[in-house]
Each structure stands twice: as structure tokens, then as C-alpha cells.
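Please look over the sequence and the model shown here before reading on. The report that follows takes up the pairing of the chains and then one residue in its surroundings.

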Protein chains: 2
Amino acid sequence: MTDDNSIYIGGKPFMNYVTGVVMQFTAKKADTVIVKARGKFISRAVDVAEVASKRFLEGSVGIKDIKVDSEEFKNKEGRDVRVSSMEIVLGRN
Amino acid sequence: MTDDNSIYIGGKPFMNYVTGVVMQFTAKKADTVIVKARGKFISRAVDVAEVASKRFLEGSVGIKDIKVDSEEFKNKEGRDVRVSSMEIVLGRN
């Protein structure tokens, strides 16, 4: 699986991710960029997608698809924990 | 606009929201329930939708649509602030 156009959202400064998305579309001429996040970073992924598409790439790029999923696993204490994940597909309009 | 089937996610205990979603489908026989959130509560909205649909209503209810949006406004200091919002539409399979 080639996944060059994916941006994983974490705890780095917010604008790093926005710039990353914008650069994929402008410098790298990507047709789609997938913004991915898990757990608490999901809110941030939405912020990144919204700021990139509405402020920096207004009119030329939009959200094409949104998927959410979750997986359950046992944590160190043996408790079942469910962690959500999200993928936002941004594409040229 | 009648919006009876909407659940707004905030800072209450997590299971309150999950129970709210499940009750809409079971006790109130709703066909669709819309889970809504803004800002940092978006991650939580995804968690609520995933736990309700995959653990409590497994097989009978699934995510039918996801929309995100954002609005920009000036905060008290006069700075432009953008706040994201999300709607997750859950429906019977």
C-alpha cells in the first residue's frame, strides 16, 4: 500500500499539519490527501482539514469522504478499551 | 426544524450519551439518531457513535453519514477563531 498522501495528526504544532496538507496539494500536486487520526486527535484532524480546505485552499479543495472506525483491545490492566479512528479524504474540486 | 433525535455531546459522563443514543433506537423506536459535537468534543462524538453502534446495537445500527463543518468568528480579544463541528448520522441497517 502506498500511503504517501496520508498525514497523521498528533501533538505537533497545529500549523505543521495544515502546512503539510497544503504542501501536498500545491508543491507535490497531489489529487487527494488523507488526514488520519486516532482517539483525542480526531477533533484536531477535523480542524486541520477545515482550516486547510476553507482558509488556505478555498474553492480548490474540499472534503470528499469521511470514515470512522474503532478497534477494541485489552490495556495493560486487562480491561477492554475501544479506540476510535478517523480518515478524512481531501480532494480537488 | 424538528430535531428530536439529535444528541449533543458535551462534558457529561460518557455513558450518558451512549445510553441516550441506544434509548432513542430501542425505547423511542427512532430510525435515525444524529450525534452532534463541536470543537474538542468531536473526538468524543466519534467514540459515542462507535460504542453505541458496535457494542450496544451491533448489527442493527450503523453510521450512515458523517458531515463536518466549521465557522469562523471573532473571540473576545478580536482574534479570528475557527471552530469545527460534526454530525454523525446513525441509522438502522
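## Basis of the model

This is a predicted model, in which local features need pLDDT of at least 70 and side-chain atom pairs count only at pLDDT 80 or more, while totals for chains, interfaces and linings use all residues. Residues are numbered from 1 along each chain as its sequence is written, chains are lettered from A and ligands numbered from 1 in the order in which they are written, and side-chain values use heavy atoms, with hydrogens and water left out.

The same surface serves both copies, since 100% of the contact residues of chain A recur in chain B.

## The interface

With contact taken as heavy atoms within 4.5 Å, 21 residues of chain A are in contact with 21 residues of chain B. The area buried between the chains (the accessible area, with a 1.4 Å probe, that two parts lose on being put together, summed over both) is about 1600 Å², and carbon and sulfur atoms give 55% of this area. Ile66(A), Val68(A) and Arg82(A) supply 29% of the area that chain A buries against chain B, more than any other three residues.

Four salt bridges are found across the interface of chain A and chain B, each being a side-chain nitrogen of Lys or Arg within 4 Å of a carboxyl oxygen of Asp or Glu. Glu72(A) forms a salt bridge with Arg55(B), with the closest N and O atoms 3.9 Å apart.

Ser53(B) is found in helix H2 of chain B, residues 42-56, where helices are DSSP runs (H or I) of at least four residues, numbered from the N terminus. Ser53(B) is buried, with a relative accessible area of 6%, buried meaning under 20% relative accessible area (1.4 Å probe, protein chains only).

A polar atom of the side chain of Ser53(B) lies 3.5 Å from the backbone oxygen of Glu50(B). Leaving aside residues up to four places away in sequence, Ser53(B) touches Glu58(B), Gly59(B), Val61(B), Gly62(B) and Leu90(B).

Conventions:
Helix = DSSP H or I, 4+ residues; strand = E, 2+ residues; numbered from the N terminus. Buried < 20%, exposed > 50% of the residue type's maximum accessible area, 1.4 Å probe, protein only. Polar contact = N/O pair within 3.5 Å; in protein donor to acceptor, adjacent residues only side chain to side chain.
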